[in-house]
Amino acid sequence: KINIISEKLKVFYNLPHVGHIRQKGFMVGIELVKDKVSKELFSGEEQIGVKVCQLARQRGVILRPLGNVIVLMPPLSISKRELDYLLRITYWAISKLG
């Protein structure tokens, strides 16, 4: 399942607001940036991480924001189908930053 996450996270780099992705096993941090080229961060007042997590929650996925980083920590018992859904909704929520 760790390999599945790693492979599916690669497409997240296609999103204009994903600056960097860190992964250690099942723990993933997706850094959100205002500008991908300069790596300029969103301001704290924009609460961009919170906004992404709220969008995901509308689709039944609970994510954790840490400032401009979205944290994924799925349970080890997650099924492959559930893992795919988690990643699809996370991608969708980040893509809505427009």
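Colleague: In which loop does Lys39 lie?

Modeller: Lys39 lies in the loop between strand 2 and strand 3 (40–41). Strands (E, at least two residues) and helices (H or I, at least four) are DSSP runs, numbered from the N terminus. The phi of Lys39 is near 65°, a positive value in a residue other than glycine. Before going further, note that this is a predicted model, in which local features need pLDDT of at least 70 and side-chain atom pairs count only at pLDDT 80 or more, while totals for chains, interfaces and linings use all residues. Residues are numbered from 1 along each chain as its sequence is written, and side-chain values use heavy atoms, leaving out hydrogens and water.

Colleague: How does one read the faces of a helix, and which residues of helix 2 are buried?

Modeller: An α-helix has 3.6 residues a turn, so residues three or four places apart point the same way. Buried means under 20% relative accessible area, exposed over 50%, and partly exposed in between (1.4 Å probe, protein chains only). In helix 2 (48–58), the residues Ile48, Gly49, Val52, Cys53 and Ala56 are buried. Seen down the helix axis, these buried residues fall within an arc of 135°, so they line one face of helix 2. The arc is that of the directions from the helix axis to the C-beta atoms. The face turned away from the buried side carries the exposed residues Arg57 and Gln58.

Colleague: What is a salt bridge, and how many does a search of the whole structure find?

Modeller: A salt bridge is a side-chain nitrogen of Lys or Arg within 4 Å of a carboxyl oxygen of Asp or Glu. The search finds four. In one of them, the side chains of Asp84 and Lys8 meet (2.8 Å, N to O). Asp84 lies in helix 3 and Lys8 in helix 1 (residues 2–9), so the pair ties together parts that are 76 residues apart in sequence. Asp84 also meets Arg88 in a salt bridge (3.0 Å, N to O). Both of these residues lie in helix 3, four residues apart, about one turn of the helix.

Colleague: Which residues do salt bridges with shared partners join into one network?

Modeller: The network joins Lys8, Asp84 and Arg88.
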